[in-house]
Amino acid sequence: KDLQNASKDWNINIRSFSRLASEPVQDVEIYSIEQGSIIFGLIAGIGTATALAKGINEILKVYERVLNIRKIQLETKKLKLDLSIQKIYEDEINKIIETASEKAAEKLIKEYLGDQSSGKGDIGNGISIALKKMFEFIEKGGKIDYQEVADEEKNVKAESLKLAESFNKIQELECDIKEIKSLLSKNPEK
């Protein structure tokens, strides 16, 4: 059931970016399932992959801020403060993600569609929703990557490098969060 839902979500995400890049839409193909992880093979055109990478890079710019809030959230949780404070942190994180997704969608719409008016709002909403879902996926430990093809364009390679750099930064930040969690669990009085 989870596999079916994840496949459906990624189909929707890829369709949104394919529409943005004005490329044909293809269904998600699952090409590998390993113990402990599932890898979805997504067949997409170069324009779709580039748009997807650009969108993810845009929302990952706020990931450090979200992780810093999560860090403070963990620290205040150990202080056993009122639960309403935890809700404030969650609301702020949701607002940050919402705003980043909307701004990224607007930026991509302007870059790909310019002043073209037909379907712009619908595509923008789809991109914004897809970016929020991808942010949630990444925050839960997922990674988004793509393999190069022989005739890949320069701008696709540049976006691929940016994507790899973003995930490396995320990995560093997540290590910091794990270290804080470990320290807090070892020293509950602090």
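Select Thr 48 and Glu 23 to begin, where a polar contact of 2.6 Å joins the two side chains; a polar contact is a pair of N or O atoms within 3.5 Å, and within protein one must be able to donate a hydrogen and the other to accept it, while residues adjacent in sequence count only if both atoms are side-chain atoms. The model you have open is a predicted one, in which local features need pLDDT of at least 70 and side-chain atom pairs count only at pLDDT 80 or more, whereas totals for chains, interfaces and linings use all residues. Residues are numbered from 1 along each chain as its sequence is written, and side-chain values use heavy atoms, with hydrogens and water left out.

Thr 48 belongs to helix 2, residues 46-60; helices (H or I, at least four residues) and strands (E, at least two) are DSSP runs, numbered from the N terminus. At 0% relative accessibility Thr 48 counts as buried, where buried means under 20% relative accessible area, exposed over 50% and partly exposed in between, with a 1.4 Å probe and protein chains only.

Next, select Ser 22, which lies in the loop between helix 1 and strand 1 (29-34). Although Ser 22 is not a glycine, its phi is positive, about 55°, and at 61% relative accessibility Ser 22 counts as exposed.

Now turn to the aromatic rings, for which a search of the whole structure finds two pairs; rings of Phe, Tyr and Trp (its six-membered ring) pair if their centres lie within 6.5 Å, and planes under 30 degrees apart count as stacked, over 60 as edge-to-face and the rest as tilted. Select Trp 10 and Phe 137, whose ring centres are 5.3 Å apart and whose planes stand at 80°, so the pair is edge-to-face. Because Trp 10 lies in helix 1 and Phe 137 in helix 5, this pair ties together parts that are 127 residues apart in sequence. Trp 10 is buried, with a relative accessible area of 8%, whereas Phe 137, at 31%, counts as partly exposed.

Then select Tyr 63 and Phe 135, an edge-to-face pair with 5.4 Å from centre to centre and 65° between the planes. Tyr 63 lies in helix 3 and Phe 135 in helix 5, so the pair ties together parts that are 72 residues apart in sequence.
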